[in-house]
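Keep the picture open while you read.

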Amino acid sequence: MKILLVEDDKQTADYVAKGLREHGHTVDRADNGRDGLFLAGSEPYDVMIVDRHMPQMDGLSLVKAARAAAVKTPVLFLTTMGGVDDRVEGLEAGGDDYLTKPFAFAELLARVSALARRPPIVAATKLAVGDLELDLLARAVTRGGKRLDLLAQELKILEYMMRHAGEVVTRTMLLEKVWDFHFDPKTNIVETHISRLRAKIDKGFSKPLLHTVRGAGYVLRAD
Amino acid sequence: MSSVPTNRFSRILRSASFRMTLAYAALFVVSAVALFATVYFTATTAMQNDMQAVLRTEAYQLAEIHRRSGLLGVAQEVTKRINFRTRGPIYYLLQGPSQQVMVGNLPGMPPVNGARDFVQEDNAEPRSERAKLTGFGITLPDGAFIMVAQDTSRLLDMQRAIEAAFAWAGGLTVLLAIVGGWLLSGNFLRRIDTIGRTSRTIMEGDLGARIPVRGTNDEIDQLVVSLNLMLDRIQHLLEGMRQVSSDIAHDLRTPLSRLRQRLEDAREHASTTADYAVATEAAIGEADEMLEIFSALLRIAQIEAGAQKSAFAAVDLSELARSVGEAYLPSAEDSQHKLVLDVQDGVNLNGDRQLLAQMLSNLVENALHHTPANTSVTLTVAKAVNGVTIEVADNGPGIPPAERDKVFERFYRLDRSRGTSGSGLGLALVKAVAGLHGLAIHLEDRSPGLAVVLKGN
């Protein structure tokens, strides 16, 4: 994947670029908004990682300008502020996701991958991973033809994971997408829901589909 | 109070109240002078008119007697009146047609008609002591002349009495004004000095110092009461800030020293890559805990500053409460708690959805976290007369009454919770979010158990 990283803090930029390259991505770097905007307009990127606060041109202005210039590359904002307003501002400016510093690299990687492989917004009526099927209209789940009984929130988790099948989904991503929680609860609510979901979809079947990725999150995978 | 008396004296002269006193004294003196002038001239004129009327009557009576009884008759009457007149000292003079004095106790004079003032010619008395007279003269048809006169000393006595009375009163007024102004402004300055002295004491570090209140409830007293209340508020804020900073230092020292211990332990004892992996994993965990505390503090501060009101919108509280409650159902089940959702439909609130979600989360988490297994926790959301009611109640061990207010303070933790994890910031955040949304929060004893009740908006 070709990734543009616009970040003025050298240490953070080194850390992010090194990690992304280790995972086989190509990374172009800019340490200010103006250079970032120039690169964003001249090269095709799969994802842009943009810091909110930078000299010369801040991240918000960069993304606004890029969107005005019809650059459709998905944008992940990096921000040191956890305020709700900041997140909303970032999304309104044309950002697609945001991550508050400091962050775990696995979290960044999972989000970048999710952004790059955004599913096309077409109205599929059925999702399938291996022999697991989700009928979006009937809200019904079957595995190997056998009907599974899921609670509403378990269904939401499963739907999100099926749409991102094969990708690592972090605990924070689930909190945001399933519950719309943009804070970190002290209780392991994600873990308890996942363990119940896993019991329902994997128990009694020879091949598990829901895997835990240590230090990162979960992945739904058929192979 | 000033230590140098001359300094104090000049301060009194410069003081606003003293100047005002002087201005009032001057105004009083001016009005006293006006009153004096009015009284003086009115009284004098009245008395003069009265005397003139008496004299004129006497003179015309004598002229009438002359017309009827001739010069001799008048002479007899004048003699009679000089001898028998008891009513005040009235002087008479009758001169014949050739201006020779016939009878009378006044010296001869050229005849006049009407009023005339003159000094009695009496060589026995020194000139200054001679009586001043005012008279009324009539020249008769045959050339004879009658003069009736009165001593004006009564008039002068009265005038002098009025002058004296006003001189005393005026002098006394000015004296009282100055002394009163001195005393009043001295008193005023003493109270101002007390305020200044207290301010200096506070600036020198004694934050507990307060300006004494006199209890007279006058303007200065009211000002002092306001100032004292302001000082109370400032002291409270400062103490809160001091408390928070020492709490932050204290609460961060624990994870920091744990972090240090782990790293040191790894340096001394770790030999394999796996050992290092475990140590760094634990170190990251400790660092995350500290970052979590910072982020929670920052969030509380942001919320308390009211910065997030811009994100307010209509929030379906019923849907939100169900979503939060359902998120915790499996966790509650795992810790053998019974989580009950008692949520009325269609409860709406104008607010920030994210913050309200975190508030409800913290409340439910708090109840699950601080009660033993087999406790029942109920989340209630309902419409109320004046807005909404949100309640998280449990039938656990409750909180001692003395500690109920403190649980909303940052870092405050009950003694029995010290051993458990948690930052002591959960309820502080709840209170901040509630405050931002105009919700009043209080704790209720449910014997057994505790309820956190939020009402309003």
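Before we look at strands, here is a term you'll need: two strands pair if DSSP finds at least two bridges between them. Keep in mind, too, that this is a predicted model.

## Two hairpins in a row in chain A

Strand β6 (residues 126–129) of chain A and β7(A) pair in the antiparallel sense, with 4 bridges. Across that pairing, Leu127(A) stands opposite Leu134(A) in β7(A). The two strands β6(A) and β7(A) make a hairpin with 2 residues between them. In its turn sits Gly130(A), which has a positive phi of about 60 degrees.

Then comes another pairing: β7(A) is joined by 4 bridges to strand β8 (residues 140–143) of chain A, and these two run antiparallel as well. Here Asp135(A) stands opposite Ala140(A) in β8(A). This is a hairpin too, with 4 residues between β7(A) and β8(A). The turn includes Arg139(A), whose phi is positive, at about 55 degrees.

Which residues of strand β7 of chain A are on its covered face, and which on its uncovered one? Leu132(A) and Leu134(A) make up the covered face, while Glu133(A) and Asp135(A) make up the uncovered one.

## A five-stranded sheet in chain B

Over in chain B, you'll find 8 helices and 12 strands. In this chain, 5 strands form an open sheet in the order β2-β1-β5-β4-β3, and the pairing is antiparallel. Because β2 (101–104) and β3 (114–119) of chain B stand at the edges with a single partner strand each, one side of each is left without a neighbour in the sheet. Neighbouring strands in the sheet are turned by 25 degrees against each other on average, ignoring direction.

Zoom in on one pair: strand β1 (residues 90–95) of chain B and β2(B) are antiparallel and share 3 bridges. Gln95(B) has Val101(B) in β2(B) as its bridge partner. Packed on the sheet is helix α2 (residues 16–84) of chain B, which touches β1, β2, β3, β4 (132–139) and β5 (145–151) of chain B. The direction of helix α2 makes about 140 degrees with that of β5(B).

## Cores and burial

Now for the nonpolar parts. In general, nonpolar side chains tend to be buried together in soluble globular proteins. The largest nonpolar core in this model has 95 residues. Met48(A), Ile49(A), Val50(A), Leu356(B), Leu360(B), Val364(B) and Val433(B) are the ones with the most contacts inside it. Helix α7 (residues 353–369) of chain B gives this core its largest share, 9 residues. Apart from it lies another core, of 17 residues, including Leu55(B), Ala59(B), Leu93(B) and Ile146(B).

What does Val433(B) touch, if we don't count residues up to four places away in sequence? The list is Ile303(B), Leu355(B), Leu356(B), Gln358(B) and Met359(B). As for chain B as a whole, 23% of its 457 residues count as buried. Looking at contacts in chain B between residues at least 6 apart in sequence, 62% join residues at least 24 apart.

## Where the chains meet

Finally, the contact between the chains takes 20 residues from chain A and 25 residues from chain B. On the side of chain A that touches chain B, the elements giving two or more residues are α4 (84–92) and α8 (189–202) of chain A. The largest share of that side, 4 residues, comes from α8(A). By type, the residues on this side of chain A divide into 8 nonpolar, 8 polar and 4 charged.

Note on methods:
Residues numbered from 1 in each chain as written. Chains lettered and ligands numbered in written order. Predicted model: local features only at pLDDT ≥ 70, side-chain atom pairs only at ≥ 80, totals over all residues. Core = buried A, V, L, I, M, F, W, Y, C linked by C-beta atoms within 7 Å. Buried ≥ 20, exposed ≤ 12 C-beta atoms within 10 Å, placed from the backbone. Contact = placed C-beta atoms within 7 Å. Axes fitted to C-alpha atoms, helices over the stretch in contact; angles between N-to-C directions. Nonpolar A, V, L, I, M, F, W, Y, C, P; charged D, E, K, R; others polar.
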